[in-house]
Amino acid sequence: MDIMFKSTRGDKNYVTASQAIVKGIADDGGLFVPEVIPKIDFDLGKITSYSYRELAYRILRLILTDYTEDELKYCINSAYDEKFDTELIAPLVKAGNANFLELFHGRTIAFKDMALSILPYLLKTAAKKNGVSEEIVILTATSGDTGKAALEGFADVEGTRIIVFYPNDGVSDVQKAQMVTQKGANTCVAAIKGNFDDAQTAVKKIFTDSELKQELKQRGFVFSSANSINIGRLAPQIVYYFYAYAQLVNSGRITMGDKINFTVPTGNFGNILAGYYAKQMGLPVNKLICASNDNKVLFDFLTTGDYDINRDFIVTVSPSMDILISSNLERLLYHVSNSAEKTKELMTSLANGGKYSFKVDEGFVGEYATISETFEAINSLYKETSYVMDTHTAVAYCAYKKYAAASQDSTPNVIVSTASPYKFAKDVLRAIDGKYDGIDPFEALEVLSDVSETPIPAPIKDIDKREVIHKTVIDRSEIKDFVREKLN
Ligand SMILES: *Cc1c(COP(=O)(O)O)cnc(C)c1O
């Protein structure tokens, strides 16, 4: 049976998975959700023997049902190959008493590679299946990591162009260097004066601008999205929740069937939502612990039921989580309320007054870590085990400790590790020893290599010596004209 997708806001048009991936976002501004979340149709006990690719196939075929076996296997095999620096793709690493699911072994050393390695293949295949002849323009707003991972994924992919917007003052030096040095004739990168929410809101507006869409269609372009609003981003992320579980069983830390917790450093709520889907599909999950930084809108929401963005936006040391409007929460609201009408009402309230109230339980718990708590977490784990966490993973590590202490919940836990410490080397070093305060961000790579006794990952080695290709800085009001111009 085909699983069909529909908008969270009530648009009555059902689309197939491949159509949803091409469109990115529904015409009414809602996000595509599967009408039912499928259950796994294989014996859970078997996952311990599956490779990452095999598991990916078993999971994705249940959700992306209109792709043929050959198509899916082509996409999976093209994505999860030597681009990753370990055959495991997503290894589970033990440090002290903590289990880290390392999702940063791909080309841009952040977890976005897990989905953005496969999305271009899913999209190209989808375009072919649906007879889309226009060139596909990927428009992406990034808090730092999505942009680079999308650029890497789509660079020189035939029939596509990619335009990335990032907040000028909201990304790390390494993240910025990664993006502005991007090669590929079809790539375009611009800095936006403003924060991530400004960039994301402006980009979402373009997706629903029917006049602009019409104009560009006549010129042979259609828009799609590489942000986690695209269901093609979310579905591949479900796989590693099962994969983490299999590795815990294989290492003897749990017995097949035991429930586990996941703690996820959260921004746009995409990663943790994939964990929720994994649970709905049949993975034995107890709690999903949603870890926030000082921008703790989600913590407040999960503890009080009030979502409220009327507060200061705080620039932290975990920039990929500096988000007040977590787009994918809309999908959870839809699944929990089981009502497009209710979801639309909440989203309208968010758009108008910046807040809404709705109580979600469903096994989610909110926690958060301040900047100093994040530094303290990196420092203490390093001293204890010499394992070095990045600043985002450290937010989760700290949030988990706080949760475990407060709840006395002793369920085995996996911390979802979303970036290599090298991506945020300057702040990681500062956390390890105050004497590194003010260190040059690129010199920090060498020093971190000494401190952690690990080699600098190839994707960022000598990044400061590469040619800067993308220099544009624009106001957010200029995004639309910029897109128009670039597609001329
Ligand atoms: C994107 C990102 C996050 C947040 O993930 P969401 O899916 O947006 O919740 C956390 N950490 C890192 C390093 C990221 O790049």
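An oxygen atom of the ligand is 2.7 Å from a polar backbone atom of Asn268. The model is predicted: local features need pLDDT of at least 70, side-chain atom pairs count only at pLDDT 80 or more, and totals for chains, interfaces and linings use all residues. Residues are numbered from 1 along each chain as its sequence is written, and side-chain values use heavy atoms, with hydrogens and water left out.

**Ligand site**

| Residue | Protein atom | Ligand atom | Distance |
|---|---|---|---|
| Asn268 | polar backbone atom | oxygen | 2.7 Å |
| Phe269 | backbone N or O | oxygen | 3.0 Å |
| Thr418 | side-chain N or O | nitrogen | 2.8 Å |

The protein buries 98% of the 380 Å² that the ligand exposes when taken alone; these areas come from the Shrake-Rupley method with a 1.4 Å probe. Around the ligand are 15 residues, each with a heavy atom within 4 Å of it. Lys112, Asp145, Gly267, Asn268 and Thr418 are the closest. By class, this shell has five nonpolar, eight polar and two charged residues; Gly counts as polar, and Asp, Glu, Lys and Arg as charged.

The ligand takes up the space of the largest cavity. A cavity here is a set of points, on a 1 Å grid over the protein atoms alone, where a 1.4 Å probe fits but cannot get out. A molecule sits in one if more than half of its atoms lie within 2 Å of its grid points.

**Loop residues**

Helices (at least four residues) and strands (at least two) are DSSP runs, numbered from the N terminus. Residues are called buried under 20% relative accessible area, exposed over 50%, and partly exposed in between, using a 1.4 Å probe and protein chains only.

Gln182 belongs to the loop between helix H7 (173–180) and strand E7 (187–193). With a relative accessible area of 4%, Gln182 is buried. Its side chain makes a polar contact of 2.7 Å with that of Lys148; such a contact is a pair of N or O atoms within 3.5 Å, where one must be able to donate a hydrogen and the other to accept it.

Thr86, in the loop between helix H3 (69–79) and strand E3 (92–95), is also buried, at 18%.

Most residues other than glycine have a negative phi. Ile109, however, has a positive phi near 55°; this residue is in the loop between strand E4 (98–102) and helix H4 (112–116) and is buried at 3%. Ser386 has a positive phi of about 60° and lies between helix H15 (371–385) and helix H16 (391–407). At 48% relative accessibility, Ser386 is partly exposed.

Technical notes: 1 Å grid on protein atoms, 1.4 Å probe; cavity = no way out; pocket = protein on both sides within 12 Å on 5 of 7 lines; lining within 4 Å.
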